[in-house]
Amino acid sequence: METTHLGRLGVIVSRLCLGTMNFGPETSEEDSFAIMDRALEHGINFFDTANVYGRSKGVGATETIVGNWFAKGDGRREKVVLATKVYGEMGKWPNESRLSALAIRHACDASLKRLQTDHIDVYQMHHIYREAAWEEIWQAFEVLVQQGKVLYVGSSNFAGWHIARANEIARSRHFLGLVSEQCLYNLNDRMSELEVLPACEAYGMGVVPWSPLAGGLLAGVLGKIEGGRRASDWVQEDLAKFRDRIEAYEKFCSDLGEQPADVALAWLLANPVVTAPIIGPRTVQQLDGSLRALDLALDDDTLGRLDEIFPGPGGPAPEAYAW
């Protein structure tokens, strides 16, 4: 397994990050255990979850599954760089969501209990919270770091200026600040190239793209539909909007002799700013299949053709829309 540093940090992570959002709602606990065991066998040491994951099984269900897996021992916890998130609604009572100092403290303690661990390696804010001042937010995270409950702080779904603002205030407090950003980024969703990726690069942050296959849109959806499988409602909506480019994409992948999902992951891995795309397998077989992307080198001609099919915003701001 290829590894790299998480941004400017000394800590080393695998080039693929195991996403766990399907654990519970889509994948049984037993099968989730098998996926995590296989991930370690492959050398994947970067796992991502969130306190709100669980959907039909209830919030916290996914963290609980991960925690039960850690409890099986054999060094599982020690081998994993564990990332989870705070922000989402964990209950209807006040302060059971968002990023007040009180909410952060309670959410962290609850996640630690569910995960059956004494610390979180990368504790990520799941969204920006404009109602709380950065002084309050950073004070809360500083206390968690001092207590040894959190090692690093990351963000998710932040705008570029949020990243800059957060890091500059952290610097004024002599705090490490944000070490990573988990953003929506894939061939079909390239808005992060305008501001978010340049901000991450400037601050030495790791970039951990979520939905690298656009929810399945980039995973050979046309071929699967022709084979009798049904795409989700929202993938069908996206397909109706982007059918021409998806048809061109799947034909191009066929000409390359590669699977669309592998090409989509390889495209992200070819970007030096990207640390590790998040893969969210529902089965061990899906996990195994994701590894092909690590061996798939895309040459300049291939990258150029992908830019033609998925043009993106035109590069970083302001050149993308000005001069």
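The following legends describe close-up views of a predicted model.

View A. Strand E8 comprises residues 178-182, and five of the five are buried, so the strand is largely enclosed by the rest of the structure.

**View B. Pairing of E8 with strand E7.** Strand E7 (residues 150-156) pairs with E8 in the parallel sense, over three bridges. Within this pairing, Ser156 stands opposite Gln182 of E8. Between E7 and E8 the chain passes through helix H6 (residues 160-172), giving a right-handed β-α-β crossover.

**View C. Pairing of E8 with strand E9.** E8 and strand E9 (residues 206-207) run parallel and are joined by two bridges. Here Glu181 stands opposite Val207 of E9. Together with helix H7 (residues 196-202), E8 and E9 make a right-handed β-α-β unit.

**View D. The largest pocket.** The volume of the largest pocket is about 1500 Å³. Its lining consists of 45 residues, and those closest to the pocket centre are Asn22, Gly215, Gly216, Gly280 and Arg282. Helices H8 (221-226), H9 (233-256), H10 (260-269) and H11 (284-290), and strand E10 (278-279), each supply at least two lining residues. H10 gives the most, with four residues. By class, the lining of the largest pocket has 19 nonpolar, 18 polar and eight charged residues.

**View E. The second largest pocket.** The second largest pocket holds about 250 Å³ of space. Among its 14 lining residues, Tyr185, Arg190, Glu193, Trp267 and Asn271 lie nearest the centre. H7 and helix H12 (300-309) are the elements that give two or more residues to this lining, and H7 provides the largest share, three residues. The lining of the second largest pocket divides into eight nonpolar, two polar and four charged residues.

Key. Residues numbered from 1 in each chain as written. Predicted model: local features only at pLDDT ≥ 70, side-chain atom pairs only at ≥ 80, totals over all residues. Heavy atoms only, no water. Buried < 20%, exposed > 50% of the residue type's maximum accessible area, 1.4 Å probe, protein only. Pairing = 2+ DSSP bridges. Right-handed = clockwise from strand over helix to strand, strands pointing away. 1 Å grid on protein atoms, 1.4 Å probe; cavity = no way out; pocket = protein on both sides within 12 Å on 5 of 7 lines; lining within 4 Å. Points joined across faces, edges and corners; volume = space filled by probe spheres on them. Nonpolar A, V, L, I, M, F, W, Y, C, P; charged D, E, K, R; others polar.
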